[in-house]
Amino acid sequence: MEKFTERKKSPLGAVQTFFKGDVSTLLALFGMIALFGVLSPYFLTVKNMMSIGSYASIQGTMAAGLTCCMLLGGMDVSQFSLAGLCGIFMGLMYEAGVNEWLIIPMTLLVGVLVGCINATIVAKLKISPMIATMGMQFVVRGFCYIITGGSGRNQYYCYAV
């Protein structure tokens with residue numbers, strides 16, 4: 001039988017441990033911010049930082065909902081397309097002159113209705129959540145293209161984001 005010998009510790013052990021976890025991700029983030037700040041005079045402006053923060057908060061909120069869904073064993077890939085549909089719906093209702101206090105509940109109702117359709121497909125038809133929500137993503141995205149005439153950016157864009 002062979003004897004196990006103790007491994008020699010590397011003089012870079014502490015450095016390697018430092019760069020293994022979340023710290024390396026933060027360092028990469030700060031490195032990218034510095035790089036983009038040097039490459040573009042517009043990147044580190046207050047307007048751009050406000051814009052990034054605004055979009056990141058929306059994406060982060062939706063990611064938190066997806067995290068809960070994943071913790072319960074599901075997967076919903078249709079949520080971002082549904083957010084776009086709800087934004088377009090909200091813009092259409094606003095342009096039609098619907099009372100602002102009715103627009104939000106009506107938009108939430110559209111989101112809940114599509115969510116109930118997803119849930120019915122998964123629970124009653126026993127289709128995998130990934131497949132069901134991916135199909136719903138294509139259906140919802142198709143509705144968005146039909147409503148907007150196929151344009152990616154239009155007058156409803158500000159509502160959809």
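Residues are numbered from 1 along each chain as its sequence is written, and side-chain values use heavy atoms, with hydrogens and water left out. Because the model is predicted, local features need a pLDDT of at least 70 and side-chain atom pairs count only at pLDDT 80 or more, whereas totals for chains, interfaces and linings use all residues.

The chain contains seven helices and zero strands, where helices (H or I, at least four residues) and strands (E, at least two) are DSSP runs numbered from the N terminus. In sequence order the pattern is α-α-α-α-α-α-α. Of the 161 residues in the chain, 17% are buried; buried means under 20% relative accessible area, exposed over 50%, and partly exposed in between (1.4 Å probe, protein chains only). Among contacts in the chain with a separation of 6 or more, 52% join residues 24 or more positions apart, a contact being heavy atoms within 4.5 Å.

Confidence is expressed as pLDDT, the predictor's confidence in each residue on a scale from 0 to 100. The chain averages 85, and 80% of the residues score at least 70. The highest mean, 95, belongs to α5, and the lowest, 47, to helix α7 (residues 157-160). Over residues 157-161 pLDDT stays under 50, and the model has 10 contacts beyond four places in sequence for this stretch.

The largest nonpolar core consists of nine residues: Leu82, Leu85, Cys86, Ile88, Val110, Val114, Met136, Val140 and Cys144. Such a core is a set of buried Ala, Val, Leu, Ile, Met, Phe, Trp, Tyr and Cys residues joined through side-chain atoms within 4.5 Å. At least two residues of this core come from each of α4 (79-95), α5 (100-123) and α6 (129-148). The largest share, four residues, is supplied by α4. Val140 is in contact with Ser81, Leu82, Leu85 and Val114, leaving aside neighbours within four places in sequence.

Met136, another member of this core, lies in helix α6. Met136 counts as buried because its relative accessible area is 11%. With neighbours within four places in sequence again left aside, Met136 contacts Ser78, Val114, Ile117, Asn118 and Ile121. The C-alpha atoms of Met136 and Gly115 are separated by 9.5 Å, although the two residues are 21 apart along the chain. In helix α4, Ala83 is partly exposed because its relative accessibility is 27%. Ala83 and Gly111 are 28 residues apart in sequence, with a C-alpha to C-alpha distance of 7.8 Å.

Two packed helices are described by the angle and the distance between their axes. The axes of α5 and α6 come within 9 Å and cross at roughly 145°; axes are lines fitted to C-alpha atoms, for helices over the stretch in contact, and angles run from 0 to 180 degrees between N-to-C directions. This crossing of α5 and α6 is right-handed, a crossing being left-handed if the near helix is turned anticlockwise from the far one by less than a right angle, and right-handed if clockwise. On the α5 side, Val114, Ile117, Asn118, Ile121 and Val122 meet Pro129, Ala132, Thr133, Met136 and Val140 of α6. The residues of this contact comprise eight nonpolar, two polar and no charged, with Ala, Val, Leu, Ile, Met, Phe, Trp, Tyr, Cys and Pro counted as nonpolar, Asp, Glu, Lys and Arg as charged, and the others, Gly among them, as polar.

Lys126 lies in the loop between α5 and α6. Its phi is near 55°, a positive value in a residue other than glycine. Lys126 counts as exposed because its relative accessibility is 70%.
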